[in-house]
Amino acid sequence: MIFKKMFLIFVFFPFACVYHTSRYFFNKNRINEFFYKKIVTMSANSLSSHIPTLQKDEEFSVFSSKMKETVSKIPFEKSEVTIDEPGMVKFKVTVCQFVEVAKLLGMSQLAKAFCDVDIVYCQKHQPNIIFERKFTLEKGDPFCDHTYKKMT
């Protein structure tokens, strides 16, 4: 895991430099809002390119299997499926190096963006899915819970 974190730091370092330089010259709140929106939008669009939109009459298992496959390939998270039943799949994420690295590089205000991607992704790209979350690592909880349910 240490090499993955070092890789993320290396990748995020130029972004962190631009972010901190921008905050120095411009309004901090506007810069935070700008970068927050960019992270959420780009990440949600990326997720949508891997998981097709669940059609209203389509079996939830199509969405569920694609989501499980995609989540299992994220090298910077440690997660497990805790519920997998017709109409619902739930993940428990115990390590999220995106949030850790954002905080480590002094971008704590943007760490929440990595959590909000799932919310925006479902709102924008999965109109037949309800996303719920009660816990996040970003807020200091021991894990993140990601619950995806098919609308009935």
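Tutor: Contact here means heavy atoms within 4.5 Å. The model is predicted: local features need pLDDT of at least 70, side-chain atom pairs count only at pLDDT 80 or more, and totals for chains, interfaces and linings use all residues. Residues are numbered from 1 along each chain as its sequence is written, and side-chain values use heavy atoms, with hydrogens and water left out.

Student: Is Ser 22 buried or exposed?

Tutor: Ser 22 has its place in helix H1; helices (H or I, at least four residues) and strands (E, at least two) are DSSP runs, numbered from the N terminus. Buried means under 20% relative accessible area, exposed over 50%, and partly exposed in between (1.4 Å probe, protein chains only). Ser 22 has a relative accessible area of 14%, so it counts as buried.

Student: Leaving aside neighbours within four places in sequence, which residues is Ser 22 in contact with?

Tutor: Neighbours within four places are set aside here.

Student: Which residues touch the most other members of the largest nonpolar core?

Tutor: A nonpolar core is a set of buried Ala, Val, Leu, Ile, Met, Phe, Trp, Tyr and Cys residues joined through side-chain atoms within 4.5 Å. In soluble globular proteins, nonpolar side chains tend to be buried together. The largest core has 24 residues. Those touching the most other members are Phe 12, Phe 98, Met 107 and Phe 114.

Student: Which element gives the most to this core?

Tutor: Helix H1 (2-25), H2, S2, H4 and H5 each give two or more residues to the core. With five residues, the top contributor is H5.

Student: Leaving aside neighbours within four places in sequence, what is Phe 12 in contact with?

Tutor: Phe 12 is one of the residues touching the most other core members. With sequence neighbours within four places set aside, its contacts are Phe 98, Val 101, Leu 105, Met 107 and Phe 114.

Student: How many aromatic pairs does a search of the whole structure find?

Tutor: Rings of Phe, Tyr and Trp (its six-membered ring) pair if their centres lie within 6.5 Å; planes under 30 degrees apart count as stacked, over 60 as edge-to-face and the rest as tilted. By that rule, the search gives twelve.

Student: What angle lies between the planes of Phe 91 and Tyr 148?

Tutor: Phe 91 is in strand S2 (residues 88-96) and Tyr 148 in strand S4 (residues 144-150), 57 residues apart. Both are buried. Their ring centres are 6.2 Å apart, in an edge-to-face pair with an angle of 80 degrees.

Student: Why is the pair of Phe 98 and Phe 114 called stacked?

Tutor: Phe 98 lies in helix H4 (residues 97-104) and Phe 114 in helix H5 (residues 108-125), so the pair ties together parts 16 residues apart in sequence. Phe 114 is buried, at 17% relative accessible area. The ring centres are 5.6 Å apart, and the pair is stacked because the planes meet at 15 degrees.

Student: Which residue of S4 stands opposite Phe 131?

Tutor: S3 (residues 129-132) covers Ile 129 and Phe 131 on one face and leaves Ile 130 and Glu 132 uncovered on the other. Strands pair if DSSP finds at least two bridges between them; S3 and S4 have four and run antiparallel. Opposite Phe 131 stands Tyr 148.

Student: How far is the charged end of Lys 92 from the ring centre of Phe 143?

Tutor: A charge sits over a ring if NZ of Lys or CZ of Arg is within 6 Å of the ring centre and within 35 degrees of the ring normal. Lys 92 sits over Phe 143 in this way, at 4.9 Å.

Student: What is the N to O distance between Asp 84 and Lys 68?

Tutor: A salt bridge is a side-chain nitrogen of Lys or Arg within 4 Å of a carboxyl oxygen of Asp or Glu, and the structure holds seven. Asp 84 and Lys 68 form one of them, at 2.4 Å.

Student: Which residues join Glu 69 in one salt-bridge network?

Tutor: Glu 69 bridges to Lys 73, with the closest N and O atoms 3.2 Å apart. Lys 73 is exposed, at 58% relative accessible area. Shared partners tie Glu 69 into one network with Lys 66 and Lys 73.
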